[in-house]
Amino acid sequence: MEKCVLGRTGLEVSAIGLGGAGIGGIYQNTVADRDTVDTVELALNSGINFIDTSPLYGESERRLGIALRGVDRASYFLSTKTGTHPDYKQDYSWDGTLHTVENSLKLLGADYFDILLVHDPEKIEPVFAKRGALDALEWLREQGVVKNIGLGQRHHHFHKQAIKSGRFDVILTYNDYHVTRTTALTEGLLETAAEHNIGVLNGSPMGHGLLTGVDPRTLHTPHLIERDARAATIFYDWCQSKKLNQKAVVLQSCLRQPLIHCTLTGAKNKAELRENLDALQEPISDGFWEDLKVLNLTAGQV
């Protein structure tokens with residue numbers, strides 16, 4: 001598994017990380033604790049050393065706590081989030097942050113987090129406010145509970161503000177860099193992060209399910225943007241015509257972007273993760289990548 005240094009954190013992370021949304025059961029409620037144990041075991045044995053989760057992801061933290069029990073803590077990096085706990089939604093206060101982090105430590109059986117991300121704030125001001133989430137996370141860093149601080153959400157101007165403040169080490173942007181959407185690049189976010197040596201995590205490379213290899217015309221995804229559905233359909237038909245593994249194209253295209261350090265795959269079980277790992281090894285010729293550019297799948301992205 002290829003590894004990259006995650007910006008100024010100095011963490012040498014696998015190019016593919018294990019995202020915790022799928023194993024939390026938020027996409028499918030048939031996920032069991034055993035699925036998570038098997039998935040984490042395969043991930044670690046395959047060279048994946050970065051695991052990301054959140055209180056928002058259903059049973060994710062609890063299940064990961066079970067799966068990681070007894071595993072050498074030095075063998076992986078662990079990231080979770082604050083601000084989206086079901087009991088503390090959009091709570092970026094000092095007390096709310098400390099409560100959320102304490103709860104996550106217990107569920108995950110952890111002594112510290114390599115990264116703690118402020119998650120999906122609707123407004124950025126409470127995060128920076130006196131005795132807000134950022135103050136709390138910096139205090140936790142002084143205690144050794146949090147090693148690095150990040151921001152995980154989609155508003156690029158929030159990310160840029162966080163980066164330029166000098167108080168964040170990592171950003172997680174999601175559904176903004178894959179074959180049909182590259183706004184993280186075109187709007188200058190990746191370049192800004194690189195200029196400040198900020199680590200970049202890339203979430204939702206499968207476009208929230210649109211790019212998994214299933215015909216998008218058969219999906220009923222809530223709040224689907226017409227442009228995204230149209231681009232995904234063109235991509236699906238192209239892969240079918242070329243007899244290409246769609247997951248291979250999607251994941252490998254993310255790994256071809258040098259300004260991204262780690263792309264998260266939210267596999268819900270061992271079988272899905274195995275598919276993703278196999279897709280990384282599937283050969284794709286340079287000619288196919290050139291043909292993909294011609295499709296101009298990012299046209300009209302917003």
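## Helix packing exercises

In this predicted model, the cover over the buried residues of helix H2 includes helix H1 (33-45), strand E4 (50-52), strand E5 (77-82) and H3.

**Exercise 1.** Find out how many of the residues of helix H2 (residues 60-67) are buried, and which ones.

*Solution.* Start with the count: 6 of the 8 residues in H2 are buried, so the helix is mostly covered, taking buried as under 20% relative accessible area.

**Exercise 2.** Describe how helix H3 (residues 94-108) packs with helix H5 (residues 133-142).

*Solution.* First take the geometry: the angle is about 50°, and the axes are 8 Å apart. The two helices are therefore oblique to each other. Their crossing is right-handed. Now list the contact: H3 brings Trp94, Thr97, Leu98 and Val101, while H5 brings Ala133, Asp135, Ala136, Leu137, Trp139 and Leu140. Sorted by class, this contact has 8 nonpolar, 1 polar and 1 charged residues.

**Exercise 3.** Work out which residues join helix H9 to helix H10, and sort them by class.

*Solution.* Begin with the arrangement: H9 (residues 226-242) and H10 (residues 246-255) pack at about 115°, with axes 9 Å apart. Then pick out the partners: Phe235, Tyr236 and Cys239 of H9 meet Gln246, Val249 and Val250 of H10. Last, the classes: 5 nonpolar, 1 polar and no charged residues.

Methods:
Residues are numbered from 1 along each chain as its sequence is written. This is a predicted model: local features need pLDDT of at least 70, side-chain atom pairs count only at pLDDT 80 or more; totals for chains, interfaces and linings use all residues. Side-chain values use heavy atoms; hydrogens and water are left out. Axes are lines fitted to C-alpha atoms, for helices over the stretch in contact, and angles run from 0 to 180 degrees between N-to-C directions. Helices (H or I, at least four residues) and strands (E, at least two) are DSSP runs, numbered from the N terminus. Angles under 35 degrees count as roughly parallel, over 145 as roughly antiparallel, 65 to 115 as roughly perpendicular and the rest as oblique. A crossing is left-handed if the near helix is turned anticlockwise from the far one by less than a right angle, and right-handed if clockwise. Contact means heavy atoms within 4.5 Å. Ala, Val, Leu, Ile, Met, Phe, Trp, Tyr, Cys and Pro count as nonpolar, Asp, Glu, Lys and Arg as charged, and the others, Gly among them, as polar. Buried means under 20% relative accessible area, exposed over 50%, partly exposed in between (1.4 Å probe, protein chains only).
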